[in-house]
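Take a short walk through this structure. A few stops are enough to get started.

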Amino acid sequence: MSETTPFFIHHRAKKQSGEPSAVFWESAKNEGRALRDADNALEDAGKDPENYFKALVTNFPVVDELPPEGEISFTFCDFYQLGGNDKLTWEKIPGVNPPAAAAGADEDGTTDTGVPGAVDAATGAAGAVVLDGVTEDDTDTTEYPTARLRLPQRIISQLISEKHVYHVNQKKRIEIATLEMDADNSYVQNLLLACRNHPEIENLKITDLWRLTDAVKTVFPEDKRHELAVLVQFVKLWLETEHMDRGILVREWAAGNRISSVQRTDSGTNADGGHVTDRGENAHHTLDSLDLEAASALLPMDFDPHSIPSSVLRRAKDMVANKEEPWKSWSRILRNTPGILSVNRFAIFNIIRIAPDDIHLNAVKHREFVNKTMTAEFNKATELLPLYVAEPEVSREDVSKQLAAERGEYVEGISDPNDPKWVKGNAEEKPVVENHGGGIYSIEGLMGKPASNEGEKQEVETTSDVQDQETEGDEKPSCDAVQPGESDAGAGEESTSVEQTASDILAANAPSLADDDQADVNQISDSVSQNSDSVSHSEPEAQQNAPEVQQTEPDAQPEELEVEQAPAQAWPEYFEPGRYENVPNDVYHAANGISSTMVKDARVSLMYYNGRHVSKTIKKERSKVLDMGSLVHALALQPEILDEEFSIEPEIPEGALTTTATIRAVIDEYNNALPVLLSSDDIKRFIEEFNASLPAQIPLGGDLNETGQSYMSLPSEFQRIEEGQKQTATAMKACIKEYNATLPPQMKTSGSCDALMETLAIINPDLVAQEAQKPQPLKVSGTKTDLIQAVKSVKPDAVFADEILDAWRDNPDEKILVTRQQYATALAIQAALYAHPEAGALLTNPTRAVEVSYFGIDEETGLEIRTRPDVEITHEGLRIGFDLKTISMFDVKESQLKARLHREIIMRDYHLSAGMYCENSSLDKFAWIFVNKDEGYHWVAVVWASASELELGTLEYHYTMRAIANAMDTGEWPAPITEDYIDELSDIDLRRLDALRDMA
């Protein structure tokens, strides 16, 4: 008899089936035989195999509760679960005891909890509380899983914990039961009542449940009494609020601002903290109302910002609707400024009106201007120094002293009030701009500080060979790669550290303030920007010979530094090795060098590489069809270029006509308002009345007597039968007919409406003329296009949804079209990325640089290469790069996600790109940020490349580069398969073969 082996088999039930999981074990000749017997036992037990996953052979457990051999058990999994590193080893479920160890029933039928003192501790007015799942063997060290508690107990378990807990000990378990039954504890009972009407709380994870209870404790302190209705409202708002906005909701409620929602900027940052501004407590301030304020501030009229005239408001609305410049540039920057909705309206007006007129032509300087002047002290200064009042109520000296006092620089009664910093300066001392040559200027005279007596020049910071791109017009920089005061070792030009303070801006753009007291205004502005850092501006070589900035004559007022428009960046046809910022996508993809994508093409086959990049027989043009990955990439990394590359489906304005029914309703409304036209019945009535007014014709009569009577009624001149002649019927009718022929004819009352109208024109021409003056109703039949044209003929300002969408689909700028649904999904993905603790920190890191291009030489082959990681940052002296990847893994089990992500990295050669990036871009570490793009399921994973993974990618990159170099030298580009081979069975196929052989 052949040897047998024991096999312990697990039948895991599908969750939606509601069936219990089962185990089966027996000694069999092989695994296949045991699996077949296990399946048969499952069917014999009356269970549907479709409700179970495929049977799995596990490690044989050594426990006392094993079911009998050959019998299937549906209770074993109630006490044991698979665990261990291999997930194939049976372990006891914590806090759950097998039947042999379970507490029995007392003789009186009551169950003993087995916890000394438990009943006494949990006893209320209603009697003893029985703790489910507690046995007599439990001790002080026994832990109970919170996931197995009832919902009220789960809520209390998190409420009494400093952080989220997955297990509670015996003492906590008793405390939870006691609090649940304590009717006098209004705080706990109100919380349970507030949560009872929200079934979604049942499905909250333990971590989210703790966050909810922690939020409640933060907003509603336990030592105070609170209204139940307010608590219910807060719990409802907390559940409805996006995960990333809940912290703001809690913070504002705790501060007393009971906001109902969190507004966000276009880039996803917090736009409104719920603070009261000068717009009033009940003012509903949104990004749209901010646009109107910005547009109003750009208009030259003089008015009070707190009371904008209707004429100004109408012009502002037109400016917004037409997206006119410079409003478009201002709106783009302000709508992406965090906390912008909490800024006073005066501050918004001031920052726009003191800005140079052409500031919007340079997006970099425009954003720099806003960032440096939009400060708390600037807001205070603008409140004290409004630009719209001819005579300010507060003197400039008082403003300077007040701001300095807040900083601790001026103390009343101690500081010298006659110090030059607080009094009017010498009107003849004007700011000086010194030219040091080579395109470098000293602006020490503009800083509001006295020049050195020793003639020392301001130190000029330079970077070594940093190539940068000047941004013009609406174009925004993709990143701030070179940080203030830092150097970057790339190839390019020098950059000069220039500090532009608010004093320059005020002096150049507020003539009403820039009078003989200029020095004092400079002092105020200097105090406003005391914490501003100098910003490094990189200038191309083409601008090194720019015209010198001329010093303003002493009698010119105010002083103004003229800024010339930089010429468009001219990118070289050939990129030398080095680091290049802000290279446009089309320029980079057409540049010299082998990219990581080209290396991946070579790994497909050298034949494919040749067709794509050498002979170019394989065409692969980029289409304008939306790639969700590129949209998410732009939103998460470069939101400022969104308008340049994508065209978002326009929102249909309120009141626009969308369907045939709405268009028909407008036509019906117009027709109903018109004067009523005569109907056919009305015309007939007029004709009949006319006919009735005519002399009646004499009837011929039906017999001789009637004819004779009609003849006798004729006038004498028509009674032509002489006396003596016989009065025959024929003779009398002839006389009657002769008379009737002299009477006016009766008008016809039959025919079409037009024919009746012609008849009426004979009878009453004035009435017909009046009818012709009435406007004709619009037709209510025809195609949708016909109806639209009909509405336009009487309502030219009508807005039609079809025309708006057709104009968007025409896509004159040939951008990538994005529907509102796609845009909403992308925004949700962006929000998920920013909300993720690690991914959000990486994406918003202040040292980040986006889409920086590196050109170099592969030392082994001498081939030119180029790389372009999505983002790079500097942290603790390390250069870190990472790529943002969108994936679709909605149907991948949680336990298999890491393996699938690894497979994604290897199969798509992400590790090869990472190795190439690290080597050519001098990166020390690399990571991928994966975000799932399936709607409503946007989970995020930050995956760091291990050292071995980077080494594998680097070696594969070099191996492929050698193959490309060899193919270039020999001119041979082999196909992926060059030799015949024999197809062999895999291990799985061999096992299937063995199983079928056993069954044969």
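**Cysteines, a helix pair and a lysine**

Cys735 is buried, at 6% relative accessibility. Buried means under 20% relative accessible area, with exposed over 50% and partly exposed in between (1.4 Å probe, protein chains only). Cys77 is buried too, with a relative accessible area of 18%. The structure holds 0 disulfides, a disulfide being a pair of cysteine sulfur atoms within 2.5 Å.

This is a predicted model: local features need pLDDT of at least 70, side-chain atom pairs count only at pLDDT 80 or more, and totals for chains, interfaces and linings use all residues. Residues are numbered from 1 along each chain as its sequence is written, and side-chain values use heavy atoms, with hydrogens and water left out.

Now turn to two helices. Helices (H or I, at least four residues) and strands (E, at least two) are DSSP runs, numbered from the N terminus. H21 spans residues 628-637 and H31 spans residues 820-835. Their axes come within 9 Å and cross at roughly 50°. Axes are lines fitted to C-alpha atoms, for helices over the stretch in contact, and angles run from 0 to 180 degrees between N-to-C directions.

Next comes a lysine. Lys885 is found in strand S19 (residues 878-887). Lys885 counts as buried, at 18% relative accessibility. Leaving out residues up to four places away in sequence, Lys885 touches Tyr910, Trp928, Ile929, Phe930 and Val931. Contact means heavy atoms within 4.5 Å. Lys885 and Ala941 are 56 residues apart in sequence, and 10.0 Å apart in space, C-alpha to C-alpha.
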